[in-house]
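Work through the exercises below with the structure in view. Try each task before you read its solution.

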Amino acid sequence: MTSACLRNLAATLGVIVGVGVFGGANAGRFDGVTLTVGTFGGSWKDRICEHICPKIEAEGGKLEFVTGNPRILLSKLVAARGQAEPPFDVVEIVDSTWPDTLAGGFVEKMDMANLPNVASLDANMYDEYKAANWMTEEGFIFHIDKFKEAGIPRPTRFKDLFDPRLKGKISFPDINVNTALNPIVGFAAEEGGDEHNIDPGLKLIKDLDVFSFWNSGTQITQMFQSGDIWVAIAHAGWGVRLHDAGVPVGMVHPRVKDRVGMGSRGYAGLVKGTTHKAAAEFYINELISEEMQEILHTRNGIVPTNKNVQLAYSSKPKLDASGEPFLLLAPEQIGNLYYMDWTGFSMKDWTSKWNRTVAR
Amino acid sequence: MKRRAFAGYLRRTAVIAVVGGVYVFLLAPVLVVVVASFDGGDPVAGRAFLNFPPSSVSLQWYFEIQPRLFHALWISLLVAAFAAVVGTLVGVPAALGLARSDLRGKTLLGALFRAPLQIPFIVIGIAFLQTYYLLGNYFGFRIAGSFVGLALGHLFVATPYVIGSVGAILQRFDTSLEEAALSLGASRWRTFRRVTLPIIMPGIYAGALFSFMVSFGDVPISLFLASPQYTTLPLEIFHSMEFDFDAAILAISTLIVAGSLIVLWLVQKLVGLDVMLRSGGSG
C-alpha cells in the first residue's frame, strides 16, 4: 500500500469520524421518535402534516396519524385502557368528549413551559391538560335567494325557523354528529331551558318538521345544491364552503339568551402514558401557532383560537352575498358566543332523550 | 289468435320494462359517480358537492387523486384477497363438516358460524381491538394496528359467506356420486378432488366473491383495527367525507369500477362467467 493510499485512507476515516462526532452534536431533538397523533382524517390531517411534519422531521422524528372523529378516538383509548403503550400520543378532543376523557384518566398534564404559544390563546381556550386548536361557530346556514323569493326576513334566532314557509326545508344534524349538541341547547333556551334541561329544546326540534337529519357535512352541501333544503343547522365553515362553491348562502349566528352565536371548541391533549411527551408538546405548540392557525382558518374554514390570527382576520371577514360576515372573528365577538357548560354532560342521556322525543 | 299474440307482446314488454327499470335503479348511482368524476367545472365547487350532470368534461380530478388513496386501495385489495382466500380455506372444510358429520349440537355450531353476520360490525371492530390488547398483555402477541390484526377482523365476517354458499350446495348434494367414485377404487382425496370439489366449486366462487366484497367495502371494522400504515380505502373516503367532499374520490371510485369490469372481462375470457356460475352457483 503506498503512502498516498494511506493518506487517503486516513483522510477518509477522519471525515467519517468527524461526521459522526459533529453529526451527533447536531442530532435532532426527536431522533428516532415516531409521534402518533389521533385526529380527524381527510384534508384536516393533510393540512396539519403539510405544516408540522417537516418540522418534526427536521428534528429527526416522524409524524403519523390515526384518524377518526373524537368519539371514535375516545373509544380506542377506552379499549386500550391499561396498556403500557397508548395507541397514540396526542388525542383530538371536543367539548362533548372532554368529560369522559378526563374522568377516564386518558390524558396527562402538559408542561406549559413547552407550550409558549398558549400566550396567544384566551384563558378559556386551554388548561394544563389541553389546548384548543380550533373552534366552530354553530347556528344555521340559509339560502339567501330562496328566502328573498319567499319574502322571509333574515332570521336572527332559532325560533324564527318555525316560519310555515320553511316547513320541510330544514336539515338538522343527527344526534351522532357533534354539531347537534349546541343547537339542541339553543332551541332549549328559546323555551327557558338550557344544557341542564334540554327537554324543551327537543320538543321544539320535534315540531320543526325537518326535511332530514344529516350525518355528514357533505350531505348539507348536496341538499343545498339540489334545492332540497333552504336551511341547515350547521357550523359556519360549511356556509363558507357553499359560498365559495357558488351557492348563495348566509350564516345566522342566533341569539341565545344574552349571547350571540354558539361556540364549540376542539382541543389537543397529551395521552396518558405517552413515551414521546416532548415531541407531543412540540406538536401541540405548533398546532396553535399563528402559521398553523392561519392555514386551518383560510383553508379549512375553522375559527382560529390564536388571538393574533383572530385579530388579523376580523378586519377582513368573508362576507355573504348580502354583505354579512360568515364568521364572528373579533375576540370580543368570540368572547360573547354562548359556550355550553359541560359539567355533568352525558352523551348517553342526551341520546336517550333524543331517541324518545325527536327520533320517535 | 291475434289477441293472444298481443297479450304475449304486452307481457314481454312489461317484463322488459320492469327488469330494465330495476337495472337502471341499481346502476344509476354507479353511473352518476362515473359521469360526475369527469366534471370539468369549478374545482372549488368540486370540493363542495357532487356536480351532476357535469357542466364540462375534464380529467382534472384524476390528477387530483392523492397517493394516500392509492396506498389505501392497495391495502384494501390485500386485506380483501386475504379474507377471500383464507375465508375459503377455512369455510369449505367447515361447511363440509357441518353437512357431513354426525356431530351432536351441529345446529348450534352452524348458528355459531353464522353469528358474525348478526353482530353489528362496529361491535366486532371494538371487540377485536380489545382482544388484541388482551393477547398482547397476556401472551406478548401484539397485533393491534398490524396488517394481520386488520385482516383477521375482516376474515371473521367474511368466512360465514363461504360456509353459507358452500353449505347450500352441499344440502342438495347427491352423495351417491361420491359413493360411486369410492366403490370404483378412488381414494377419499381423489374423490374429493375429482367429484366433490367440481360440484361445490360454484359455491366456493360465490362465497369467495362475497367475502372479497364485504371486506373491500368495510368501514366499521377497519375504523378500529386500521393503523397509520394499514388504512383501507373506504376508511380514507369515510374520513375525507366527514370534512369535505372531494371529487377525486369519484375519480378513484371510477377507476375501481373500471378495474372490476376488466377483471370480469378477463374471467369471462379465460374461464367463462357462465361456467363459474352455472349449476346454481349462487348457493
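**Exercise 1.** In which sense do strand β1 (residues 34-39) of chain A and β3(A) pair, and over how many bridges?

*Solution.* Keep in mind that this is a predicted model. Start with the pair itself: β1 and β3 of chain A run parallel, joined over 2 bridges. Next, pick out a bridge. A:Gly38 has A:Val91 as its bridge partner in β3(A).

**Exercise 2.** Find how β3(A) is joined to strand β12 (residues 262-271) of chain A.

*Solution.* Count the bridges: there are 5, and the two strands run antiparallel. Then name a partner. A:Glu92 is bridged to A:Ala268 in β12(A).

**Exercise 3.** Decide how covered strand β3 (residues 90-94) of chain A is, and sort its side chains by direction.

*Solution.* First, the cover: 5 of its 5 residues are buried, so the strand is mostly covered, a residue being buried if 20 or more other C-beta atoms lie within 10 Å of its own. Second, the directions. A:Val90, A:Glu92 and A:Val94 point one way. A:Val91 and A:Ile93 point the other way.

**Exercise 4.** How many residues of chain A are in contact with chain B?

*Solution.* On chain A there are 28, and they meet 22 residues of chain B. Now trace their source. Elements of chain A that each supply at least two residues include α2 (42-58) and β2 (62-67). Last, sort this side of chain A by class: 9 nonpolar, 15 polar and 4 charged residues.

Definitions and conventions: Residues are numbered from 1 along each chain as its sequence is written. Chains are lettered from A and ligands numbered from 1 in the order in which they are written. This is a predicted model: local features need pLDDT of at least 70, side-chain atom pairs count only at pLDDT 80 or more; totals for chains, interfaces and linings use all residues. Two residues are in contact if their C-beta atoms, placed from the backbone, lie within 7 Å. Helices (H or I, at least four residues) and strands (E, at least two) are DSSP runs, numbered from the N terminus. Ala, Val, Leu, Ile, Met, Phe, Trp, Tyr, Cys and Pro count as nonpolar, Asp, Glu, Lys and Arg as charged, and the others, Gly among them, as polar. A residue is buried if 20 or more other C-beta atoms lie within 10 Å of its own, exposed if 12 or fewer, and partly exposed in between; C-beta atoms are placed from the backbone. Two strands pair if DSSP finds at least two bridges between them.
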